[in-house]
Amino acid sequence: MVGQTMSAARLEDVRHAVATACEEAGRKADEVRLVAVSKTFSVPEIEPVLAAGQRVFGENRVQEAREKWPALKEAWPDVELHLIGPLQSNKAREAVELFDVIHTVDRPKIAAALAAEMERQGRAPRLFIQVNTGAEPQKAGILPQDADAFIAECRDTHRLEIAGLMCIPPVEAVPDPHFALLAKIAARNGLKELSMGMSADFSAAIRQGATLVRVGSAIFGQR
Ligand SMILES: *Cc1c(COP(=O)(O)O)cnc(C)c1O
């Protein structure tokens, strides 16, 4: 029970910090949505955060989300579920079934698989393209220099509506230039939404224009 009270209190702290960062950046509080990242946390650990009023959650694995969320969604039907981890094309069907927002479209094969599934299911999750702003070999995401062409391909070839861009800056890096680069690519492609900022750097992301921040450990505790 102590842990559950703590997550509700930490959620409140994060909400305040988001509001403060918005104010300092001269932005309205409702311009930034908080995605509570519940990966690795169990249903009983997620419930108090739902009870505290949070409705937008992120998971990084399709399989884990499928095990945890159908029951929670029955109890809280207005939950909005975001996929924030890498997507394999053989999981596109389940991803389209389960998620309301997918942050990690990053290659033509995934774009094609999602387009086919959205058509088949008549469901249209909001889509973000992940950009590998640090060009890290081990990290998912389209390279910055290939982003414009990939956004055009998603729109023109796959007829996908793209809501915005997402990035995860390199762990050791000062994140601000990465957020600024993502904002620049979005602006020149007419994209309004920016999914950027985690527990350690969401205030910086909000200063650079984030519209969605993905916060896990600051709410749920260390993984
Ligand atoms: C885990 C994760 C987060 C949340 O990270 P915290 O540091 O716990 O806030 C955000 N985005 C992605 C893509 C993640 O995988």
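A molecule sits in a pocket if more than half of its atoms lie within 2 Å of the pocket's grid points. Keep in mind that this is a predicted model.

**Exercise 1.** Work out where the ligand sits and describe that place.

Solution. 
- Step 1: Using the rule above, we find the ligand in the largest pocket.
- Step 2: Next comes the volume, which is about 590 Å³ for the largest pocket.
- Step 3: The lining has 24 residues, and Lys39, Ile168, Pro169, Met198 and Arg214 are the ones nearest the centre of the largest pocket.
- Step 4: Sort that lining by class, and you get 13 nonpolar, six polar and five charged residues.

**Exercise 2.** Which residues surround the ligand, and which polar atoms lie by its oxygen and nitrogen atoms?

Solution. 
- Step 1: The shell is made up of Val37, Lys39, Ile84, Met166, Ile168, Met198, Ser199, Arg214, Val215, Gly216, Ser217 and Arg223.
- Step 2: Look for N or O pairs within 3.5 Å. Lys39 has a polar side-chain atom 2.7 Å from an oxygen atom of the ligand. Arg214 also uses a polar side-chain atom, placed 2.9 Å from a ligand nitrogen atom. With Ser217, a backbone N or O atom lies 2.8 Å from an oxygen atom of the ligand.
- Step 3: Check the cover. On its own the ligand has 380 Å² of accessible area, and the protein covers 90% of that.

**Exercise 3.** Describe the second largest pocket and find which element gives the largest share of its lining.

Solution. 
- Step 1: The volume of the second largest pocket is about 170 Å³.
- Step 2: List its lining: Arg15, Val18, Ala19, Cys22, Ala29, Asp30, Val32, Arg33, Leu34 and Gln54.
- Step 3: Helix H1 (2-24) and strand S1 (33-37) each give at least two lining residues, and H1 takes the largest share with four.
- Step 4: By class, this lining has six nonpolar, one polar and three charged residues.

Key: Residues numbered from 1 in each chain as written. Predicted model: local features only at pLDDT ≥ 70, side-chain atom pairs only at ≥ 80, totals over all residues. Heavy atoms only, no water. Near = heavy atom within 4 Å. Polar contact = N/O pair within 3.5 Å; in protein donor to acceptor, adjacent residues only side chain to side chain. Areas by Shrake-Rupley, 256 points an atom, 1.4 Å probe, with all protein chains shown as cover. 1 Å grid on protein atoms, 1.4 Å probe; cavity = no way out; pocket = protein on both sides within 12 Å on 5 of 7 lines; lining within 4 Å. Points joined across faces, edges and corners; volume = space filled by probe spheres on them. Nonpolar A, V, L, I, M, F, W, Y, C, P; charged D, E, K, R; others polar.
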